[in-house]
Amino acid sequence: SFIMNKSSERKLTVADFEEGNEYSKEIFFKYFYCYLALPFLKAFFKTSWTPLQITNLSILLGIFAAVFFFLADFKYLVLGVVFLNLSLILDKVDGQIARMRNITHPVGGWIDATSDIFLIGLYFLVLSIGNYYQSQNTVSLIIGIFCLFHTLMAFYVMESKKNIKGTKNQKELSIGNNYFGLVNGIHIYLTIGCLLDQVYWTLLMYSWVGIFTWVIPVIRIIKK
């Protein structure tokens, strides 16, 4: 308890957030989400919340986002965007608190990693279903399936790279020492599409370009 009280008195900065974080060079994290997440990191660091509890809260907020996306009206899309980004922010906070407190939990790590796949797949699915009920356009369901397929394949390839020498740290789209991450990139993409109230076109575009999130890495893996 004494150690917890002393550690909670630390004045946390962006540098603390980036310390030991494998995603510190990811562009959207480095220049955007890191600053949004810092107040939450400070708040949770002063409490007795465990990383696993924060992870569970992150998943719950993501499910709330999916419910609002399903309702499809613009005002609900805006609420969905708010909860989507809150969920992602807490996803950044739980891992950093685990690192700062030197807490490791294999189940928590698995849940944290799996929740990204579950939630992003859920977002694409409910957005397509909600758009279908609003427009009665069956194409929305078809392109939603393609978006879900691309997402699952991209995450599968990301995990597969860890088992192949020389590919684990190889980023697919880099700018200098920085790179664009899949999870943050999809959240930004969905945020923009929903705030513009262009769900159908957002899904349609990803149903085409989403193939590049996994085909190019597959080609590199085959070459290795």
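**Reading a helix pair**

Guide: We can begin with handedness: helix 5 passes helix 8 in a left-handed crossing, a term used when the near helix is turned anticlockwise from the far one by less than a right angle. This is a predicted model, in which local features need pLDDT of at least 70, side-chain atom pairs count only at pLDDT 80 or more, and totals for chains, interfaces and linings use all residues. Residues are numbered from 1 along each chain as its sequence is written, and side-chain values use heavy atoms, with hydrogens and water left out.

Visitor: How do the axes of helix 5 and helix 8 cross?

Guide: Two packed helices are described by the angle between their axes and the distance between the axes. Here the axes of helix 5 (residues 74–100) and helix 8 (residues 182–195) cross at roughly 160° and come within 9 Å. The two helices are therefore roughly antiparallel to each other, the word for angles over 145 degrees.

Visitor: Which residues in helix 5 and helix 8 meet?

Guide: Contact means heavy atoms within 4.5 Å. From helix 5, F74, L77, V78, V81, L84, N85, L88 and K92 meet V183, N184, H187, L190, T191, C194 and L195 in helix 8. The residues of this contact divide into 10 nonpolar, 4 polar and 1 charged.

Visitor: How many helices and strands are in the chain?

Guide: The chain has 10 helices and 2 strands, where helices (H or I, at least four residues) and strands (E, at least two) are DSSP runs. Of its 224 residues, 44% are buried, that is, under 20% relative accessible area with a 1.4 Å probe.

Definitions and conventions
Axes fitted to C-alpha atoms, helices over the stretch in contact; angles between N-to-C directions. Parallel < 35°, antiparallel > 145°, perpendicular 65-115°, else oblique. Nonpolar A, V, L, I, M, F, W, Y, C, P; charged D, E, K, R; others polar. Buried < 20%, exposed > 50% of the residue type's maximum accessible area, 1.4 Å probe, protein only.
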